[in-house]
Amino acid sequence: MEMINTFMTWIFKNRIGQINNFKENPIQVQREIFFELIGAAKRTDFGRKFGFLDISTYRDFAERVPIHDYEQMKPYIEQTMKGRQNVIWPSDIHWFSKSSGTTGSRSKFIPVSEESLEDCHFKGGKDMLSLYVNNYPDSRLFTGKGLTIGGSLQINDLDGNQESKYGDISAVIMQNLPIWAQFARTPSLEVALMSEWEAKIERMAEETRFENVTSISGVPTWTIVLIKKILDVSGAKNILEVWPNLEVFFHGAVAFGPYRKLFEELIPSPKMRYVETYNASEGFFGIQDQKDSDELLLMLDYGIFYEFIPMEEWEKANPKVVPLEGVEIGKNYAILISTNAGLWRYKIGDTVKFTSISPYRIRISGRTKHFINAFGEEVIVENAEKAIEMASEVTNSTIANFTAAPVYFEGENGKGAHEWVIEFQTSPKDKEVFVEKLDQALRELNSDYDAKRYRDMALTLPKVHFAKEGLFSEWMKSRGKLGGQNKVPRLSNNREYLDDILNLMESTSGSI
């Protein structure tokens, strides 16, 4: 195994030169990607409609091709799902990634072409390992197996020939991995792609606890569920008693800060490493490339052309859009992507802030629809997650999940507030202190929130409901969203999610 580890480490480190190339020549690399995409799609239905043959500059592209959200791309995607090809991309598309829906659609189905699998998702996974072994040359990652937690796949019934399937992007990736990669991962593909989540966790726990697991890749919430199940069936006090050679958790989908303390309890080793990634249904966008920073290197040679909308422009009919060379450090942007799977000027719904432009590094700041701005406070997910982390640290508590929404003005002299439901792994001894520390942290992190809280004139102290352990899993199950990459909406101006969770709390005595 040592020889295999040495050989695999050498193989993966060879990619570092190519990564350095796009770090040093980002605009040139993005320009090459742009013309490759336009050239490849010029004879698709979409390319003909918007005159790709006549596009010779980025300005041409920006003037001819409108910005698309999912509802605007949906007619093209549905044609592709029905088996028609060359609609948005020239190569045949037989895979679709299913993700959480929009206002008009319960679920989104994102096309996954062979090019996006090879040149984006697979490449991202390999680069994640390349950057890791380059940062940690003493790694023994390849002496064991990588545990991956994913979703499931289904036959696409819209396709009369039943030649295509859809599922979580993790499941699409696992199904298509090369043979050598299948041998290097656990659990078996049969178990990994099970659709019934509770039975899947049982099987995963039984199958993986006897493996030599050196790395885990997945969403923090479901990884915690699996680790707890393994501890339960094995009788171990912590997961290192089961997997003594575990050295790294590659995580994404939600901010890791609020979960770090719980992971440190479950994996009590100062040598354990945590590496953030930014992989979504639409593409693999970023990887943590530095040991001492959780900033994400924007991966620029994955067949994705990036554009950005400043958030102050977001709700305008014709917002200002800038390519990569136009971004500024510290500014909040919504991301637009054009991809080698046929998404064009597509709004993925995420917002980022650039921390560096040489090279281009980002932090995920939230979602374009997941924020609270009912009173001009402009609280974004980044604020909420950091505030929860700060309050938990001060009160020696550990959170499992949370969501929040506004309480709107009530009556002539009524005042607003933010209402939270928080599920704890370790509850604070004094709940009132936790609420005070949460409010204090939000005021420190967000000057607009602080201004609205001044003397309780517009906003009063947050109203916090303390949920029993497992409540959010129950809620996700009730909505058919248990498992995979599904996650609880953190913040919303709309109280739909919050009220639904509160109703479940009341009907099941779900408070603590």
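Guide: Begin with contacts around a single residue. Leaving aside neighbours within four places in sequence, Thr186 is in contact with Lys145, Gly146, Leu147, Thr148, Thr208, Glu211 and Val213. Thr186 itself is found in strand 6, residues 185-186. Bear in mind throughout that this is a predicted model.

Visitor: Is Thr186 buried or exposed?

Guide: The cut-off for buried is under 20% relative accessible area. Thr186 has 1% relative accessibility, and therefore counts as buried.

Visitor: Which residues does Tyr497 touch, beyond its neighbours within four places in sequence?

Guide: Tyr497 is in contact with Trp475, Arg479 and Pro489, once those neighbours within four places are set aside. Tyr497 has its place in helix 18. Its relative accessibility is 26%, so Tyr497 counts as partly exposed. For a sense of distance, the C-alpha atoms of Tyr497 and Leu336 are separated by 27 Å, and the two residues are 161 apart along the chain.

Visitor: Now a whole helix. Which residues of helix 17 are buried?

Guide: In helix 17, residues 471-478, the buried ones are Leu471, Phe472, Trp475 and Met476. Looking down the axis of helix 17, these buried residues fall within an arc of 135°, so they line one face of the helix.

Visitor: What covers the buried residues of helix 17?

Guide: The cover includes helix 12 (220-234) and helix 18 (496-508), along with strand 19 (398-407), strand 20 (417-426) and strand 21 (463-467). As for the chain just after helix 17, Gly480 takes a positive phi of about 70° there.

Visitor: How should I read the packing of two helices? At what angle do helix 13 and helix 14 pack?

Guide: Read the angle together with the separation of the axes. Helix 13 (residues 257-266) and helix 14 (residues 381-395) pack at about 40°, and their axes are 7 Å apart. The two helices are therefore oblique to each other.

Visitor: Which residues meet in that contact between helix 13 and helix 14?

Guide: From helix 13 come Gly257, Pro258 and Lys261; they meet Glu385, Ile388, Glu389 and Ser392 of helix 14. Sorted by class, the contact has two nonpolar, two polar and three charged residues.

Visitor: What describes a pair of aromatic rings?

Guide: The distance of the centres and the angle of the planes describe such a pair. Counting rings whose centres lie within 6.5 Å, the model has 33 aromatic pairs. Take Phe284 and Tyr302: their ring centres are 6.4 Å apart and their planes stand at 80°, so this pair is edge-to-face.

Visitor: Where in the chain do Phe284 and Tyr302 lie?

Guide: Phe284 is in strand 10 (residues 283-290), while Tyr302 is in the loop between strand 11 (293-298) and strand 12 (304-310). They are 18 residues apart, and the pair links distant parts of the chain. Phe284 is buried, with a relative accessible area of 4%, and Tyr302 counts as buried at 0% relative accessibility.

Visitor: What of the rings of Phe354 and Tyr360?

Guide: Their centres are 5.9 Å apart and their planes are at 80°, so Phe354 and Tyr360 form an edge-to-face pair. The relative accessible area is 1% for Phe354, which is buried, and 8% for Tyr360, which is buried.

Visitor: Which residues do ring pairs link into a cluster?

Guide: The cluster linked by ring pairs consists of Tyr278, Phe285, Tyr306, Phe308, Tyr333, Phe354 and Tyr360.

Conventions: Residues numbered from 1 in each chain as written. Predicted model: local features only at pLDDT ≥ 70, side-chain atom pairs only at ≥ 80, totals over all residues. Heavy atoms only, no water. Buried < 20%, exposed > 50% of the residue type's maximum accessible area, 1.4 Å probe, protein only. Helix = DSSP H or I, 4+ residues; strand = E, 2+ residues; numbered from the N terminus. Arc of directions from axis to C-beta. Contact = heavy atoms within 4.5 Å. Axes fitted to C-alpha atoms, helices over the stretch in contact; angles between N-to-C directions. Parallel < 35°, antiparallel > 145°, perpendicular 65-115°, else oblique. Nonpolar A, V, L, I, M, F, W, Y, C, P; charged D, E, K, R; others polar. Phe/Tyr/Trp six-rings, centres within 6.5 Å; stacked < 30°, edge-to-face > 60°.
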